[in-house]
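Hi everyone, thanks for coming. Today I'd like to talk about charged side chains that pair up, so let's bring the model up on screen.

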Amino acid sequence: MEKDQVCSFGVLAFIGGVGSGLWFSVPLALCGLIGTALLLAVIVSFPRKETLFVGLFFGLWFFGAWYAGQKQTLMASLPAISEPVAGDVRIVRDPEERDFYRQIVLRFESCESDICPSTAILWQASLSFTAPAGTKLHFSCALKLPENFTPEFDYLMFLAKDGIGYLCTKADSADVLSGDFEGTL
């Protein structure tokens with residue numbers, strides 16, 4: 001089997017694992033146990049080069065399932081924050097312009113509130129706000145948890161893949177801290 005085929009099968013195994021992990025929450029210990037049992041069965045049955053390929057395939061499959069399960073667990077365990085959160089944030093990646101707002105991903109560096117999110121925040125800023133990735137802001141906003149709007153599209157997992165756990169539709173304040181552009185995080 002060629003190297004590009006092995007790579008393609010590895011990517012497909014990981015994607016298949018992520019897909020199955022979205023339907024079935026599989027703990028890491030169970031993934032390891034099943035993966036080890038399957039690998040031992042393959043080693044006994046095929047004591048050649050195929051063993052490595054099959055072991056890699058199942059390993060990536062179970063890792064993908066575990067990864068998706070971890071993201072789901074993280075999103076389900078995020079607490080609702082009832083009061084506005086304030087502190088210094090950094091723009092994680094370049095803002096994306098939408099029809100009516102600019103979509104900006106932020107991460108807190110220091111927090112002045114009692115509860116501060118450890119996940120990233122998706123902020124819907126006005127189109128007039130411009131700042132590149134790496135910009136540091138003093139930011140205050142009432143955060144809300146994202147929710148799925150249709151059963152056909154899992155918006156929560158769409159955001160979770162980027163580590164985004166909260167939304168801010170209207171910031172109370174967002175002041176650029178003077179000349180602090182350090183690049184992307």
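Let's begin with Asp162, which is partly exposed at 33% relative accessibility. By that I mean between the two cut-offs: buried is under 20% relative accessible area and exposed is over 50%, with a 1.4 Å probe and protein chains only.

Before I go on, a word on where this comes from: it's a predicted model, so local features need pLDDT of at least 70, side-chain atom pairs count only at pLDDT 80 or more, and totals for chains, interfaces and linings use all residues. Residues are numbered from 1 along each chain as its sequence is written, and side-chain values use heavy atoms, leaving out hydrogens and water.

Okay, so who does Asp162 pair with? One partner is Arg93, in a salt bridge with the closest N and O atoms 3.6 Å apart. A salt bridge here is a side-chain nitrogen of Lys or Arg within 4 Å of a carboxyl oxygen of Asp or Glu. Arg93 is partly exposed too, at 29%. Asp162 also has a salt bridge with Lys161, at 2.9 Å from N to O, and Lys161 is partly exposed at 47%.

Now look at Lys136, which makes a salt bridge with Glu109, 3.5 Å between the closest N and O atoms. Is Lys136 buried or exposed? Buried, with a relative accessible area of 19%, while Glu109 is partly exposed at 39%. Through shared partners, salt bridges join Arg90, Glu109 and Lys136 into one network.

And the total count? Six salt bridges by this rule.
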